[in-house]
Amino acid sequence: MKFLYVTDTHIRGTTPKNRLDVYVDTLKEKLVEVVDLANEEQVDLILHGGDVFDRPDLSPNVVGQFAKIFMKANMPIYVVAGNHDTFGHNPETISRTMLGLMDSFGVMTIIDQNNPVLIENDGLRIQISGQPYHYDLDQRDPKLDYYPANMTEADILIHIVHSMLVEKALPEGVPHTIIDHIWGTTADILFTGHFHGGFGIKERNGKYICNPGALARVNNHWSEISRMPKVVIGEVKGRDISLKEVTIKCACLGEEVLDRTFLEKAVHQEEKLHSFVQQVKESSRFQSLNMSDIILEIASLKNVEEKVKQEALRRMTVIEEVWKEEDYE
């Protein structure tokens with residue numbers, strides 16, 4: 001069985017402010033190349049690691065344009081939901097999203113975490129399972145997310161997780177899992193997404209863990225400027241597994257499409273916000289427990305720029321919108 005793996009396409013209808021090109025046109029060109037490559041390589045299926053879309057309620061017009069590209073694939077497309085594909089990072093909302101619509105129309109198939117896909121080819125049984133992004137991912141027992149059960153008596157297990165799987169520890173407070181901690185996985189091939197930088201193809205004792213990195217480059221961090229978008233072509237013959245990365249030919253160099261000036265401004269803004277947070281922590285008495293009121297009170301007592309105050313309020317609003325009623329209380 002032969003397959004192509006791609007992740008984090010982040011389809012959207014507008015151009016991020018740090019891009020110098022027309023993002024939609026660039027992404028269309030990349031996806032056309034990906035689908036053409038899959039057809040030329042005559043793969044049996046395409047696997048997608050999640051964050052197909054940059055938001056769950058994207059414009060139907062934009063979704064339709066990209067659906068036409070996916071529909072040119074001569075093979076089925078299987079996907080797991082990423083954090084951008086659902087509302088409130090909740091996989092249970094998938095039926096109300098544009099990814100759910102793509103699944104309903106048969107453009108691609110969402111892998112049910114409780115009902116893996118079984119592919120049989122020339123006597124070989126391959127199980128494809130998936131774990132969508134959820135709030136507890138990388139914060140609970142990794143066996144619940146990275147160790148799939150062989151539910152189909154398959155010969156080979158391929159498992160896809162939209163998670164923050166990385167090579168080295170990240171700063172405290174950022175949920176993540178380290179690759180070296182999960183080599184005991186029951187999967188023969190473990191694909192991940194979410195971490196846009198990727199880490200390539202890792203192999204140990206015949207098992208593979210892989211993240212080629214995001215197809216899209218939506219921020220202008222140095223790591224994004226220096227890397228080139230890639231996909232993986234994989235093949236399974238009996239118990240033999242081979243994976244290779246393929247660089248997207250139409251992708252421009254990072255410095256040609258990513259603008260660093262916005263990043264420099266963002267760093268300055270983050271420094272101001274950090275200072276503001278420190279002011280909040282230093283204050284212990286408030287007339288109200290409402291976060292917006294606290295922010296306004298601190299801003300009135302300290303010399304805080306209006307832009308910083310408004311950004312703090314905006315971020316708080318974003319968080320409150322995804323809280324359930326009991327969480328807000």
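The following questions and answers go through a predicted model of one protein.

Trainee: How many helices and strands does the secondary structure of the protein come to?
Mentor: The protein has 329 residues, and 50% of them count as buried. Its secondary structure comes to 10 helices and 14 strands.

Trainee: Among contacts between residues at least 6 apart in sequence, what percentage join residues at least 24 apart?
Mentor: The contacts counted here are between residues at least 6 apart in sequence. Of these, the share that joins residues at least 24 apart is 67%.

Trainee: In what order do the six strands of the open sheet stand?
Mentor: Strand S1 pairs with S13 in the antiparallel sense, while S1 and S2 run parallel. S2 in turn pairs with S3 in the parallel sense. The pairing in the sheet is mixed, and the order is S4-S3-S2-S1-S13-S14.

Trainee: Which strands stand at the edges of that sheet?
Mentor: A strand at the edge here has a single partner strand, so one side of it is left without a neighbour in the sheet. The two strands in this position are S4 (109-110) and S14 (240-247).

Trainee: Why is strand S1 largely enclosed by the rest of the structure?
Mentor: Both faces of S1 are covered, with Lys2, Leu4 and Val6 on one side and Phe3 and Tyr5 on the other. Buried means under 20% relative accessible area. S1 spans residues 2-6 and is largely enclosed because the number of its residues that are buried is five of the five.

Trainee: Which residue in S13 stands opposite leucine 4?
Mentor: S13 covers residues 230-237 and is joined to S1 over four bridges. Leucine 4 also has a bridge partner in S2, isoleucine 46. In S13, the residue opposite leucine 4 is isoleucine 233.

Trainee: In S2, which residue is the bridge partner of tyrosine 5?
Mentor: Four bridges join S1 to S2. In S2, Leu45 and Leu47 point one way and Ile46 and His48 the other way, and all are buried. The bridge partner of tyrosine 5 is leucine 47.

Trainee: Which residue in S3 stands opposite isoleucine 46?
Mentor: S3 covers residues 77-79, and three bridges pair it with S2. In S3, isoleucine 46 faces isoleucine 77.

Trainee: Which helix gives the most to the lining of the largest cavity?
Mentor: The count comes to one cavity of 30 Å³ or more, and about 50 Å³ of space lies in the largest cavity. Its lining is made of Val6, Leu31, Val34, Val35, Ile46, His48, Phe70 and Ile77. With three residues, the element that gives the most is H1.

Trainee: How many charged residues are in the lining of the largest cavity?
Mentor: One of the lining residues is His48, and histidine belongs to the polar class by the rule used here. The lining divides into seven nonpolar and one polar residue, and the number of charged residues is none.

Trainee: Is aspartate 138 buried or exposed?
Mentor: Aspartate 138 lies in the loop between strand S6 (124-131) and helix H4 (143-146). Although it is not a glycine, aspartate 138 has a positive phi of about 65°. Its relative accessibility is 11%, so aspartate 138 counts as buried.

Trainee: Is asparagine 205 buried or exposed?
Mentor: Asparagine 205 sits in the loop between strand S11 (200-204) and strand S12 (207-211). Asparagine 205 is not a glycine, yet it has a positive phi of about 50°. Its relative accessibility is 76%, so asparagine 205 counts as exposed.

Key. Residues numbered from 1 in each chain as written. Predicted model: local features only at pLDDT ≥ 70, side-chain atom pairs only at ≥ 80, totals over all residues. Heavy atoms only, no water. 1 Å grid on protein atoms, 1.4 Å probe; cavity = no way out; pocket = protein on both sides within 12 Å on 5 of 7 lines; lining within 4 Å. Points joined across faces, edges and corners; volume = space filled by probe spheres on them. Buried < 20%, exposed > 50% of the residue type's maximum accessible area, 1.4 Å probe, protein only. Contact = heavy atoms within 4.5 Å. Pairing = 2+ DSSP bridges.
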